Amino acid sequence: MASVSPGSLSVSPATAREWEPVRSWAAGEGWNPGLSDASAFFAQDPRGFFLGRVDGEPVSAISVVTYDDAYAFLGFYLVRPDLRGLGHGLATWRAALAHAGGRSVGLDGVPAQQDNYRRSGFTTAYRTARYVGEVPAPDSPPAGVVAAASVDPAALAAYDSACHHADRPRFLSAWLTTPGHRALVRVVDGRPTGYGVVRPAQDEARVGPLFADTPADAAALLDALAAEAREFGSARIAVDMPESNPAAARLAGERGLEPTFETARMYTGPVRPVPRERVFGVTTLELG
């Protein structure tokens, strides 16, 4: 794919290597990107990452990652601050969104962009707040929490699929094993009742996903994930919690986490339903 737009902008898919500067752009926006996210992101859809270039120089970015024939997710919508207001963002958006085809597309939009997204056909489903802080160490290790590597991969993939709008085995396999990522599962009576991942990021360690059957399962996992983050040198964590699950905000408050900024989950069309009471933290704001 390539397109020409105002200012002689060309838009085309980016390789993982070409995408590397985008992490610093995201960090500059305060999005706190994970340090090693790109390999898992590209594992899901290596053709879903786009750069806009002027005279060969990257000036804009966006990702439109496809999961299956029905669902895609949009993220990393960025234009270099010194080149905003020239039409590069909208041109990049239009060129890249064609990659989704007829799929319903989701995104997590910051407040300043939500009206623009509505004009592009997105409808708000719920809000998400990022909670940040230091989780106190529990008196004893949470019961039933084990490393994901010790759990049947098929059972874990099935659990993830039940909590996400599409099956994503390629992404999940990479996400669980990316260097630096710590993945934990809560097991009760021999079956998973929740799982979560924590990873080093630009600032606070990022938790996501945090999926769990009950608030007690989520609390045990959050405590254990915070302990993992302390092991790799991050006393503070950040987790993006959907307001569609009120128990998530209660858990954040119980652990002393404070809301910092919010986004809105928006979709262009119908998506496969998930049990919202099990989603205590979304996987990433970049890939849903």
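1. In this predicted model, Y117 is a buried residue, its relative accessible area being 6%. Y117 belongs to helix 4, which spans residues 114-119, while Y77 belongs to strand 5, residues 71-79. The two rings form a tilted aromatic pair, with 6.5 Å from centre to centre and 50° between the planes. Because Y77 sits in the strand and Y117 in the helix, the pair ties together parts that are 40 residues apart in sequence.

2. The angle qualifies as stacked because the planes are under 30 degrees apart. F42 has a relative accessible area of 9% and is therefore buried; F49, at 0% relative accessibility, is buried as well.

3. F42 and F49 also belong to one aromatic cluster, whose members are W19, F41, F42, F49, F76, F171 and W175. F76 is placed in strand 5 and has a positive phi of about 55°, although it is not a glycine. With a relative accessible area of 8%, F76 is buried.

4. N32 likewise calls for a check of the backbone: it is not a glycine, yet its phi is positive, at about 55°. This residue is found in the loop between helix 1 (16-28) and helix 2 (38-44). N32 is buried, its relative accessible area being 3%. As background, most residues other than glycine have a negative phi, and most peptide bonds are trans.

5. A further backbone feature is the peptide bond from G208 to P209, which is cis, with omega near 0°. P209 lies in strand 11, residues 205-212.

6. T284 follows strand 14 (279-281), in the segment after it. Its relative accessibility is 0%, so T284 counts as buried. The side chain of T284 reaches the backbone nitrogen of L287 at 2.7 Å. Leaving aside residues up to four places away in sequence, T284 touches F41, D108, W175, R199 and R206. Among these contacts, F41 and W175 are members of the aromatic cluster described in point 3.

7. R278 lies over the face of Y159, at 4.6 Å from the ring centre.

Technical notes: Residues numbered from 1 in each chain as written. Predicted model: local features only at pLDDT ≥ 70, side-chain atom pairs only at ≥ 80, totals over all residues. Heavy atoms only, no water. Helix = DSSP H or I, 4+ residues; strand = E, 2+ residues; numbered from the N terminus. Buried < 20%, exposed > 50% of the residue type's maximum accessible area, 1.4 Å probe, protein only. Polar contact = N/O pair within 3.5 Å; in protein donor to acceptor, adjacent residues only side chain to side chain. Contact = heavy atoms within 4.5 Å. Phe/Tyr/Trp six-rings, centres within 6.5 Å; stacked < 30°, edge-to-face > 60°. Lys NZ or Arg CZ within 6 Å of the ring centre and 35° of its normal.
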